[in-house]
Amino acid sequence: MNDQNASQSLGRVVQSRSGQGPEFPEFPWPGPEFPGTPPPGRPPFPGTPAPGPVPPTRVWADPHAGWQDTLHERLLEQRIVLASGVFDEAAATRLSAQLLTLDAEGDGPIRLELQNLQAELPAALTLMGVLDVLRAPVQAFASGETGGPAVGILAACPRRLAYPNASFTLSEPRLWFGGTVTAVTAREQQAKRMTDSLFYRIAEATGRNAEDIREDARRGRVLTVAEAIGYGLIHDRATRRTP
């Protein structure tokens, strides 16, 4: 192949848009593979269809994103506090702050809604301590299943009512801890004192012996609303609210 044929096989040179000189040689497509990226708008491999246009995407803000915060604020205005799900240290801090704020704002009764509440032992004891020092009377309304240390939260309220679908499970608290032998021994002693405080408080509210409460917790006793009333845990059933 002579020099003229070789130069013709390389294709023609495309002048740059600025007119200052050539940019890149434009090779025929499809054709032999050359290193580098194919020209824009052309498929990456021969025979592959070119990608279609990207459909437009519409993005908008969720108008209901803050509905929970708004709802809780409206409940607080009516002196209603809601606790549901797993009650941990963060939930204990938040609920304690709400109760203390309502107690500082007035002496009217506070309605505490407990819905399917399952509490960690330290968090339950924290809230029980706050309930003991409130000046405003607290009325607890239990719905769903209330179990474990959450029963202590219910017992710490001076007035306790239950919805018809409620149930109550007396069970031993679950604790996990590790470390050295000395640390584990100290934590075991602390856990025993905390568990005793829980059972003593339930016994005080129900008028029963603390050892009976402990034995029922070991057996995982479940109470219906009627059984909870007879047990002394619940004062009465919740009734329809009148205007």
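Which residue's side chain does Arg 219 meet in a salt bridge? The side chain of Arg 219 meets that of Asp 216, with N and O 2.5 Å apart; a salt bridge is a side-chain nitrogen of Lys or Arg within 4 Å of a carboxyl oxygen of Asp or Glu. The model is predicted: local features need pLDDT of at least 70 and side-chain atom pairs count only at pLDDT 80 or more, whereas totals for chains, interfaces and linings use all residues. Residues are numbered from 1 along each chain as its sequence is written, and side-chain values use heavy atoms, with hydrogens and water left out.

**Overall architecture**

- The protein contains 8 helices and 10 strands; these are DSSP runs numbered from the N terminus, with helices (H or I) of at least four residues and strands (E) of at least two.
- Of the 243 residues in the protein, 34% are buried; buried means under 20% relative accessible area, exposed over 50%, and partly exposed in between (1.4 Å probe, protein chains only).
- Among contacts between residues at least 6 apart in sequence, 64% join residues at least 24 apart; a contact means heavy atoms within 4.5 Å.
- The protein exposes about 16100 Å², of which carbon and sulfur atoms supply 53%; accessible areas come from the Shrake-Rupley method with a 1.4 Å probe, and for residues only the protein chains shown count as cover.

**Packing of helices H3 and H4**

- Two packed helices are described by the angle between their axes and the distance between the axes.
- Helix H3 (residues 89-105) packs against helix H4 (residues 121-133) at an angle of about 10°, and their axes are 8 Å apart; axes are lines fitted to C-alpha atoms, for helices over the stretch in contact, and angles run from 0 to 180 degrees between N-to-C directions.
- On the H3 side, the contact is made by Glu 89, Ala 92, Leu 95, Ser 96, Leu 99 and Leu 100; on the H4 side, by Pro 122, Ala 123, Thr 126, Leu 127, Val 130 and Leu 131.
- By class, this contact has 9 nonpolar, 2 polar and 1 charged residues; Ala, Val, Leu, Ile, Met, Phe, Trp, Tyr, Cys and Pro count as nonpolar, Asp, Glu, Lys and Arg as charged, and the others, Gly among them, as polar.

**Salt bridges**

- Side chains of opposite charge can pair when their charged atoms come close.
- The structure holds 11 salt bridges.
- In helix H7, Arg 219 and Asp 216 are 3 residues apart, which means a separation of about one helical turn; Arg 219 is exposed at 53% relative accessibility, whereas Asp 216 is buried at 7%.
- Glu 215 forms a salt bridge with Arg 218, with the closest N and O atoms 3.8 Å apart; Glu 215 is partly exposed at 36%, and Arg 218 is exposed at 52%.
- Arg 135 and Asp 103 form a salt bridge of 3.7 Å, N to O.
- Arg 135 lies in the loop between H4 and strand S5 (138-143) and Asp 103 in helix H3, so this pair ties together parts 32 residues apart in sequence.
- Lys 192, Asp 196, Glu 211 and Arg 214 are linked in a network of salt bridges.

**Surroundings of Gly 144**

- Gly 144 is located in the loop between S5 and strand S6 (145-147) and is buried, at 15% relative accessibility.
- Apart from its neighbours within four places in sequence, Gly 144 contacts Asn 116, Asn 165, Ala 166 and Ser 167.
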